[in-house]
Amino acid sequence: MAENLETAVKQICRKNGNDRTRMMDIVREVQDRFGQVSSQAMNTIARAVNSHRVEVESVVSFYSFLSEEPKGKFVIRLCNDIIDKMQGVEKVAEAFREELGIDFGESTSDGKFTLEWTPCIGMCDQAPAALVNNKVVTRLSSDSAREIVKSLKQNGDEDHLMHMLGDGNNADPLVNSMVNNNIRERGPVVFADLEPGTAIHKALSMSAVEVIKDVKTARLRGRGGAGFPTGMKWEFTRAASGSDKVVICNADEGEPGTFKDRTILTEKPDLLFEGMTIAGYAIGARTGVLYLRGEYAYLRPFLERILAQRRNKNLLGMSILGKAGFDFDIRIQMGAGAYVCGEETALISSCEGLRGDPKNRPPFPAQKGYLTLPTSVNNVETFCCVARILDKGAGWFAEMGSAGSTGTKLLSISGDCTRPGVYELEFGITVSEMLEKAGAENAYAVQVGGPSGQLIGEADFHRKICYDDVATGGAVMIFNRDRNPLEIAHEFMEFFCEESCGYCTPCRVGNELLKQRLEAIIAGKGTPEDLDYLEQLGKTVAVASRCGLGQTSSNPVRTSLKNFRGEYEKLVRENSDGMQRTFDIHKALAAGEDLQGRKSVIYAD
Amino acid sequence: MAKPKIATASLAGCFGCHMSLLDIDDRILKLVELVDFDKSPVDDIKKFTGRCAVGLIEGGCCNEENVHNLQYFRENCDILISVGECAIMGGIPAMRNNIPLKECLDEAYLNGPTVYNPSGKIPGDKELPLILDRVYPCHEVVKMDYHLPGCPPPADLLWQALVALLENKPMDLPYEVIKYD
């Protein structure tokens with residue numbers, strides 16, 4: 001057995017060229033095959049790729065889909081983001097617990113099942129949802145949870161769970177998924193049709209500089225949320241020294257409440273790859289990488305087929321469409337469950353086979369990115385816009401939307417509304433228009449842009465969705481009057497505490513302190529000074545953190561405090577005697593009384 | 001008008017901060033002109049004789065007596081100041097906070113290599129204050145108005161802070177008295 005492991009692991013390493021920068025692929029494959037990356041496997045990998053054991057272990061310990069300890073044959077990861085909780089995930093959880101006889105974080109003694117919680121898996125429009133190994137199961141109830149366990153026990157594989165397939169390409173045999181697209185509104189940019197190759201063909205009739213100029217004329221800005229001008233990023237990358245350059249597509253949409261890229265990857269992968277190829281031409285890259293979040297692994301075989309089809313049509317590969325010297329290909333890099341990898345420098349680390357630690361900037365990826373090569377990292381939706389701009393023209397694109405935010409934006413809407421799903425809407429639409437479309441009549445609070453965005457109330461519903469007003473990467477979560485803004489903020493702080501990579505203190509410690517103070521306030525133990533404390537500490541975390549995660553992680557607290565201050569003020573009261581209500585002497589003494597064998601005399605009551 | 005009164009206490013500290021207070025040298029004569037000392041180890045007054053303007057607290061809370069004392073100070077002082085690292089963050093005593101209490105006490109009274117304890121029991125005499133589950137910085141137990149950092153805070157810092165507070169003037173804090181490396 002031990003020899004088998006060694007041989008198999010060595011073979012996996014060899015398949016990946018014994019290349020330490022492909023560590024993610026190696027450890028993922030070992031995990032899939034053996035249900036763990038054991039200590040012995042890590043030693044073997046380190047030797048095979050000429051690395052150090054500690055480097056392998058740093059990767060295995062970082063990503064939540066990898067583990068040194070053995071996992072069950074079926075790993076059930078139930079999504080516990082706020083939307084799933086609102087849709088009753090706790091009942092589903094209870095059914096799994098009962099059916100399997102284990103709690104979350106545990107495995108059954110026969111090694112068949114492991115039960116885990118996981119943050120957002122991109123299915124908020126069909127919550128509660130879970131991953132069973134790589135397969136997604138949606139709209140769960142306590143009944144369906146029991147059936148899932150029964151079916152897995154009977155059939156011994158997760159494919160049998162998909163008796164009802166989703167719409168569109170979800171029913172493709174290579175996707176074979178029960179996920180529904182829920183595309184509610186199709187716009188002219190992302191969800192319109194495009195014959196593969198037409199946009200590339202047009203791009204190739206221009207010079208690379210002209211292509212960049214087109215993207216700039218269209219005033220395209222990054223769709224991931226930050227809104228950096230795409231043309232400018234490409235210009236920097238093109239101008240950076242070095243002959244070899246890289247295009248990376250960030251398909252790691254881990255922001256809770258975001259699932260727009262899921263629909264693009266399912267329904268419009270050609271448009272995406274077309275855009276990536278055009279980017280390759282524009283910046284002079286030979287290498288393209290699609291960084292696909294681990295949760296979307298079920299889409300990988302399908303995406304690989306699309307890539308193969310494009311290679312056959314000479315839309316990828318050498319001398320694309322006969323253009324001598326334009327060689328470009330795309331590989332898929334799988335993630336393994338780490339939210340921080342959506343941050344572009346952390347994503348690059350992950351592609352390089354390292355922990356998903358953010359890197360210091362400068363140098364920016366455009367100067368020194370993937371394997372120190374100049375790299376442009378763009379969002380899935382951004383590439384789709386590029387392809388459309390080249391096909392329809394920059395002027396056509398720039399006419400849509402508002403002055404500072406041209407084109408359309410995909411919004412993934414979930415929560416308390418009757419029509420959750422993906423909407424392609426022109427920039428400049430107001431929040432209330434958007435709410436009406438989604439069927440949210442009683443919206444009290446709206447989280448725009450996911451946890452790292454802002455929680456807004458009715459006073460802001462007249463504002464516009466665009467980069468200059470209410471900016472968003474696409475996530476919109478709607479909450480009605482039954483929801484408490486403090487609880488919402490607390491949910492998101494728990495998420496950030498969990499997902500912080502721990503590298504820098506403001507983020508690692510600051511978020512924890514924010515969360516604790518918020519808990520004290522929710523428990524009715526807060527004072528008015530605590531609100532100032534939250535504001536000040538929130539600002540410190542935002543200013544002093546190293547990467548985008550920490551710089552935005554205090555937003556749930558800061559924006560809920562700003563827009564729902566009344567809710568906070570209802571809960572806090574003056575501390576007139578100066579004694580902290582959060583301090584419980586009896587709780588603090590319980591252990592001591594037990595060990596020292598007597599009760600307190602001073603605090604006898 | 002009567003002089004304002006100040007009180008001091010050393011909770012889970014080493015008395016280093018009190019030593020630092022004595023380090024103000026001959027200014028102690030001026031201090032005595034400015035204030036009267038109430039409850040304090042300096043004059044060994046055990047109970048407050050009346051309301052105090054300022055209470056200086058050294059050390060955090062590691063046992064019930066510390067908590068009781070600190071609450072007593074809060075009730076009797078207008079302004080409470082955490083003096084030094086232990087009061088502000090727990091300091092050296094808080095190093096035990098990452099170790100379960102049972103392990104700490106077992107090592108100290110039962111299993112340590114130099115322990116002689118034929119009774120095999122962790123001391124529980126009622127003269128000994130009960131220990132808390134962890135060491136708490138003062139501001140987690142009662143509201144603290146100011147914090148004077150340092151290990152110990154330099155005499156000049158304590159002096160400047162006290163005088164400024166008593167004379168109701170802004171503090172003059174040159175870089176030298178608040179740098180600690």
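The model is predicted, so local features need pLDDT of at least 70 and side-chain atom pairs count only at pLDDT 80 or more, while totals for chains, interfaces and linings use all residues. Residues are numbered from 1 along each chain as its sequence is written, and chains are lettered from A and ligands numbered from 1 in the order in which they are written.

**Strand 15 of chain A**
- Five bridges join strand 15 to the antiparallel strand 17 (residues 475–480) of chain A, where Val446(A) stands opposite Ile478(A); strands pair if DSSP finds at least two bridges between them.
- Strand 15 and strand 16 of chain A form a hairpin with five residues between them, and Gly449(A) in the turn has a positive phi of about 90 degrees.

**Helix 10 of chain A**
- The buried residues of helix 10 (residues 230–239) include Trp234(A) and Glu235(A), and their cover includes helix 9 (208–217) and helix 12 (269–283) of chain A.

**Thr418(A)**
- Thr418(A), in the loop between strand 13 (408–415) and strand 14 (421–426) of chain A, is exposed, with 8 other C-beta atoms within 10 Å.

**Chain contact**
- The contact (C-beta atoms, placed from the backbone, within 7 Å) takes 19 residues from chain A and 20 residues from chain B.

Conventions: Contact = placed C-beta atoms within 7 Å. Helix = DSSP H or I, 4+ residues; strand = E, 2+ residues; numbered from the N terminus. Buried ≥ 20, exposed ≤ 12 C-beta atoms within 10 Å, placed from the backbone.
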